[in-house]
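Subject: Structure for your review

Dear colleague,

I would be grateful if you could look through it alongside the notes that come after it.

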Amino acid sequence: MSPQFGRRKFLTSGLAVGGLAIATPTLLSSCVSASNDTTSSGFGIASQRLAWVKNTQFAGSFLADKNGYYLQAGFSGANLVAGGPTAPPIESDVLTRTFAGVSQVPIVASAIAQGAPLKIIGAVYQRYAGCVMSMGSAPITTPADLYGKKIGCASSSEPVWRTFIAALGLDSSRINTVPVQGDPIGMTTGEIDGYLGFVNNQVVELQAKGFDIRTMILADVGFPLVGQTYITAQDNIDNNRDKVKAFLHAEIRGWKDVLADPRHATDVTVNDYGKDLGLNPRTTLQACVVGNDLIRNGQPGQHIVDITDAAAAANTKSVNAGGLTLTSAQLFELGPVREIYQENPTLTLP
């Protein structure tokens, strides 16, 4: 694909990104009301498309808003746009309606390979939260255990699953992948042997209901992806770099607060931003704690949201195993987040 494949052509071509149809601006106009435009008072609204519903997966953004970090960074406010099973693709929203978004490396890589002028500018999770869930009575603990098994996979996770199989050199013909609607309950009744879920979401929910759930985290078995990646348009990096840095600065401060007090982050999620979801406080707190473990890399002096050069290279290699030919420079732009830490060393974790 030519690098000159422009934004307009990408949006109107009807291409599919990782199995997800890219919506045109007309289709998106009724979904998101936020504006990317700056105002005379500063950077304007910090509009962000979330990857899912408003649970603790996005608690750092909630606290960045609630604690005034977006305002202090120069924004006039924040618009956190929820996702969900019927929401438009994140990559389309970021190119048309929101300043930034949260996505997954294989999906972003596929979009970029097809000409989408996007870049990954940071990641919340040092380890991708994706995992193969299974029952304790028939655990799947290694990639080889997948052979002969029926694995449920939602359409939104299919690009990741396909890339995982390719990256590990597994024989896809020996794994029976079946489409499901984002619910792993069929695994508990024997309809499927495993489910591609998330350790900070479905695993917590099923364990809270008393099920003996085992997990094989993809990042721990040879698929070293970062998770919950921030993306923005290349134009923002080129022409609104200070705004990109302001956004990331606010997010980093929000996530530091989540790490420091997950219970408060849970309260804000349950009682404010995710109030309409009727979230269970106990399981939501557990999900937050699990998520915090994915954020930390176990080393002192960590720069959260930043991605090391080695990790960027490993992520690029993993997605290229699925048939892409990207370079790390085409997938990542980490200059802004690193400049933030150079200018604000107190953001570094102890």
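Predicted model: local features only at pLDDT ≥ 70, side-chain atom pairs only at ≥ 80, totals over all residues.

**The cavity**

A search of the whole structure returns one cavity of 30 Å³ or more. The volume of the largest cavity is about 30 Å³. Its lining is made up of Thr56, Gln57, Tyr125, Trp255, Val258, Ala287, Cys288, Gly291, Asn292 and Ile295. Two elements, H11 and H13, each give two or more residues to this lining. H13 provides the largest share, with five residues. Sorted by class, the lining has six nonpolar and four polar residues, and no charged ones.

**H11 and H13**

The two helices that contribute to the cavity lining in this way also pack against each other. The axes of H11 and H13 come within 10 Å and cross at roughly 120 degrees; the two helices are therefore oblique to each other. The crossing of H11 past H13 is left-handed. In this contact, Trp255, Val258 and Leu259 of H11 meet Cys288, Asn292 and Ile295 of H13. By class, five of these residues are nonpolar and one is polar, with no charged residue.

**H12 and H13**

H13 (residues 281-295) also packs with H12 (residues 262-273), at an angle of about 130 degrees and with the axes 9 Å apart. H12 is therefore oblique to H13. H12 passes H13 in a right-handed crossing. On the H12 side, the contact is made by Pro262, Arg263, Ala265, Thr266, Thr269 and Val270, and on the H13 side by Pro281, Thr284, Leu285, Cys288, Val289 and Asn292. These comprise seven nonpolar, four polar and one charged residues.

**H3 and H11**

H11 (residues 241-260) has a further partner in H3 (residues 59-66): their axes come within 7 Å and cross at roughly 110 degrees. This angle makes H3 roughly perpendicular to H11. Ala59, Gly60, Ser61, Leu63 and Ala64 of H3 make the contact with Ala250, Glu251, Gly254, Trp255, Asp257 and Val258 of H11. The contact divides into six nonpolar, three polar and two charged residues.

Yours sincerely,

A colleague

Key
Residues numbered from 1 in each chain as written. Heavy atoms only, no water. Axes fitted to C-alpha atoms, helices over the stretch in contact; angles between N-to-C directions. Helix = DSSP H or I, 4+ residues; strand = E, 2+ residues; numbered from the N terminus. Parallel < 35°, antiparallel > 145°, perpendicular 65-115°, else oblique. Left-handed = near helix turned anticlockwise from the far one by under 90°. Contact = heavy atoms within 4.5 Å. Nonpolar A, V, L, I, M, F, W, Y, C, P; charged D, E, K, R; others polar. 1 Å grid on protein atoms, 1.4 Å probe; cavity = no way out; pocket = protein on both sides within 12 Å on 5 of 7 lines; lining within 4 Å. Points joined across faces, edges and corners; volume = space filled by probe spheres on them.
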